[in-house]
Amino acid sequence: PVSRSSVVSMKSSSIRIGLLGCGNVGAALVQLLTEQHESVKRRTGLDLSIEAIAVKDLDKDRSIPLPDEVFTTDSASIVNNPEIDLIIEVMGNIEPARELILQALNLGKSVVTANKELLAAHGAELYSAAENSGVDLLFEAAVAGGIPIVRPLRESLAGEPITQIRGIINGTTNFILSRMSQDGVSFNEALKEAQELGFAELDSTYDVEGYDAGAKVAIIATLAFGVEVTSQDVQHEGISKITVEDIKFANRLGYCIKLLAAAEQKVNENGNSEVGARVYPALVPLSHPLAAVNGSFNAVFVEGDAVGELMFYGPGAGGRPTASAVFGDVIDAAGNLQRSHGALIGALDKPNMISPENLESPFYLNLKVEDQPGVLAQVAEVFGNHGVSIQSMEQEGMGSEARLIFITHSSREKDLFSTINSLNSLSVVSSVDSVLRVIGD
Ligand code: HSE
């Protein structure tokens, strides 16, 4: 083992870094690298220096402690510069990030990225390019901000037969739902706050409609199951249709509402392995650990045959926590450059995807109905005709305001959606306003 004193006396090795993008995460990263420079050098022997930063607008004030000459608008010149050893990409979007990263990897430079959208769409191409060049492509910050989840899935759990992963992996929507539920703040007001605090994406529909969590769960499923899952394979629903009323009813029944992401692998009746990945809002029992994950915090539960259940919890969004994850990868990749080898992901096959209509869960339904004798009997009969069993029912309001709130036992989606079709054709049902999945204890 290396003793503390030999670490301290280690010869320092200079690693020159090019940074592509300098928004929230990029600026926090420069700050962190500057603050920690001496400490990292002392502990690892790595002398990390930022040689160049690519930005869109040279005139923007970034309060970054580096000379003006470091900044350029020419990203390709940084990637092609033979003096630069390592590229950090925090610019976001697919192009030109994809081309720049491919070029860097082909030139034998290691790359650290936080770009979930890119990895969820073109991960396999990039992982192969890194493998072919024998360099690192590291992306801890792409999933769940500051929480270390990528490295545990790639390394610590590499031998674990993982069956299911479930969690809250979008900070913005979790922040919005927490504010709506705990403080009665409206959806739009809570979204505005999330934008001001720097959690939300530039296009907030990417968070609100579940695309962000969809990209992250595609990356998680790829790592956990060793097959190529892209964002196109993920079914996603967002939270824009959740009302304060739904949250109130759910609370009264002992639940909160969370935007969940789930990935699973199982063997179907023909003996073939299938993978599922989805994002959806669900009722979570107030006693469940996910119910305690509030604000912009994220949590990921990993379930494996051997290890049982693991929970990873922490800040899932925001500049400094995300920069912390990027920084860890930079130190790892820089150390590997010094030792001249990379940490790789092997070739990926395409999985069989689970048919969504065969998935099962309990459901919450909120129906606007006529308030007359016999209505409940007609409605209950429809559930029974489709093989959907009712766990609980409450009437809310009276007369023209009457609503029936149901929670079902676990049912196949196929049966639940044919129940909803039949309910919509009943004259006593004015509308089926909300349908949400419920998570068991
Ligand atoms: N907009 C993302 C979120 C940031 O809210 O979780 C981290 O990817």
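The confidence of the predictor in each residue is expressed as pLDDT, on a scale from 0 to 100. The structure described here is a predicted model, in which local features need pLDDT of at least 70 and side-chain atom pairs count only at pLDDT 80 or more, whereas totals for chains, interfaces and linings use all residues. Residues are numbered from 1 along each chain as its sequence is written, and side-chain values rest on heavy atoms, with hydrogens and water left out. The protein chain has a mean pLDDT of 92, and 95% of its residues reach 70 or more. Residues 1-10, by contrast, have pLDDT below 50, and this stretch makes eight contacts in the model beyond near neighbours in sequence, a contact being heavy atoms within 4.5 Å. Where pLDDT is low, the predicted coordinates should not be read in detail.

Helices (H or I, at least four residues) and strands (E, at least two) are taken as DSSP runs and numbered from the N terminus, and two strands are said to pair if DSSP finds at least two bridges between them. Six strands form an open sheet in the order β3-β2-β1-β4-β5-β6, with parallel pairing. At its edges stand β3 (71-72) and β6, each with a single partner strand, so that one side of each is left without a neighbour in the sheet. Within this sheet, β1 (residues 13-20) and β2 (residues 46-54) pair in the parallel sense over eight bridges, and Ser14 has Asp47 in β2 as its bridge partner.

Antiparallel pairing is found between other strands. Strand β7 (residues 162-168) pairs with β9 (residues 255-267) in the antiparallel sense over four bridges, with Arg166 standing opposite Ala262 in β9. Strand β9 also pairs with β10 (residues 273-285), again in the antiparallel sense, over 13 bridges, and the bridge partner of Leu260 is Tyr280 in β10. The two strands β9 and β10 form a hairpin with five residues between them, and Gly271 in the turn has a positive phi of about 85°.

Several backbone features lie in loops. The loop between β4 (86-89) and α4 (97-106) holds Pro96, and the peptide bond from Glu95 to Pro96 is cis, with omega near 5°. Asn93 is found in the loop between β4 and α4 as well and has a positive phi of about 65° although it is not a glycine. A positive phi, of about 60°, is also found at Ala144, likewise not a glycine, in the loop between β6 (137-138) and α6 (150-156). By relative accessible area, residues are classed as buried under 20%, exposed over 50% and partly exposed in between (1.4 Å probe, protein chains only). Asn93 counts as partly exposed at 47%, whereas Ala144 is buried at 0%.

A pocket is defined on a 1 Å grid over the protein atoms alone as an open set of points where a 1.4 Å probe fits, with protein on both sides within 12 Å along at least five of seven lines, and its lining residues have an atom within 4 Å of a point. The largest pocket contains about 1,400 Å³ of space, the volume being that filled by probe spheres set on the points, which are joined across faces, edges and corners. Its lining comprises 49 residues, of which Val90, Met91, Gly92, Glu201 and Leu202 lie nearest the centre of the pocket. Helices that each supply at least two lining residues include α5 (116-133), α7 (171-183) and α12 (319-339), while the largest share, four residues, comes from α2.
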